[in-house]
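Let's take a friendly walk through a protein model. Have a look at it first, then read on.

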Amino acid sequence: MKATFISKEKNDVKFSIEFTPEEFEQAQIKAYKASKHKFTIDGFRKGKAPRSIIEMHYGEGIFFEDAVNDLFSENYPKALDELELDVIDHPNAEFGGLEKGKGFTVTLTVPVYPEVEVKDYKGVEIERISDEVTAEDVDKELENLQKRNSRMVLVERPAKEGDTVLIDYEGWVGDTQFEGGTAERQPLKLGSNTFIPGFEEQLIGALPGDEKDVQVTFPEEYHSQDLAGKEAVFKCKVHEIKEEELPELNDDFAKDVSECDTLDELKQETEENLKKAAASRAESQMKNSVLEKVYEANEIDIPQVMVEDEITNMMHEFDQQLRGQGMGLEQYFEYLGKDPQDFRGELKDDAYKKVKTRMLVSAVADAEDIQASEEDLDKEIELMAIQYKLDADKIREMLGVQNLGFIEKDIRIRKAVDFMFEQAVIK
């Protein structure tokens, strides 16, 4: 195999791959051995007919396609490495004439990653973001911890905001009970605003055992067109009322929810954790400010295929999120009445920004010769091993060479962002 660079116009590179007669012949032999069992020839058991007999019956080019495909799939990546081409889409291939006993040449045109000259990425001026943690922040976090460890207790008093009521209800529009408006023993936290506007407020003051008609008007933009804007009555029965009981903030509470022995120790630990989180959050926001400034200072030509690929990735990620909630993209589109192409259009600006930002940061990594070291990669794999509770060597094996390459690229990107942040002027 011989790879030869021909020309480059904008982001399209043309090159050729030449195969010798011997290489083409060996590929045909391989194709024959792999597919001879598919041919039935009179006088021969299936799979036992010689290659020459098969070619006599089906034509001498019967194995050309498989041979060419095998040669191409094996040697195309090698040619890209040899010519140092970073392609971003599938190639357009033109094959020369194929003849038995001769070699052939394939000429390819393929879009490659654009050459980006990034400017103004050092000394970017940004404003400092506060990472201060106050005593009020600590108290609020302890209150949240109390709520996470609260319990619900039955009460025999009128319901008030913040209580959780257990109700049956039937929804009616006029004399018609509408579909989907019925439930039994449904928990509802008053003040949560999870039901139709005006519903929860009308249950405040109710007692266990009360029956109450709740009158509401469905919003004009309600998802069910049959109910949108209509007045309705929900016939409700209150079974029970529960209130949230918070544990007392004391040393016993500290022991129950942490490794601390006293409430003072828990407060100190909470403050330290909040400070770490605030510092990390502030640094992340300042790094984003640097990226925004570099983004605005640079104009680059972005191939449309890169934006379309990013949109596809974003849709795939969104689909995975939806599936975690028991819904797929198709159901989502059907539920909202959305067209997939319109949805892709809505993602275009975000996709463009992601691609451009990534290209600029990658250009900084190239300009500063920022690399992912073996130590960097080892640390990343070790973190993954801890996360998935597997041996680091097993993680490497599962990832394979290609995915390890993706991880190295991600490390380079993060290190390049860190470099720009270290060079920034923070006011």
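Are H4 and H6 roughly parallel or roughly perpendicular to each other?

## Two crossing helices

Helix H4 (residues 135-148) and helix H6 (residues 263-297) have axes that come within 10 Å and cross at roughly 110°. H4 and H6 are therefore roughly perpendicular to each other, a label for angles of 65 to 115 degrees. Axes here are lines fitted to C-alpha atoms, over the stretch in contact for helices, with angles from 0 to 180 degrees between N-to-C directions. Helices (at least four residues) and strands (at least two) are DSSP runs, numbered from the N terminus.

On the H4 side, Asp-137, Val-138, Glu-141, Leu-142 and Leu-145 meet Leu-266, Lys-267, Thr-270, Glu-271 and Leu-274 of H6 (contact means heavy atoms within 4.5 Å).

## Strands side by side

Strand E1 (residues 2-9) pairs with strand E2 (residues 12-19) in the antiparallel sense, over seven bridges; pairing takes at least two DSSP bridges. Lys-2 sits opposite Glu-18 in E2. In the hairpin of E1 and E2, two residues lie between the strands, and Lys-10 has a positive phi near 55°.

E2 also pairs with strand E4 (residues 104-111), again antiparallel, over eight bridges. There, Phe-19 stands opposite Phe-104.

## About the model

This is a predicted model, where local features need pLDDT of at least 70, side-chain atom pairs count only at pLDDT 80 or more, and totals for chains, interfaces and linings use all residues. Residues are numbered from 1 along each chain as its sequence is written, and side-chain values use heavy atoms, leaving out hydrogens and water.

Methods: Parallel < 35°, antiparallel > 145°, perpendicular 65-115°, else oblique.
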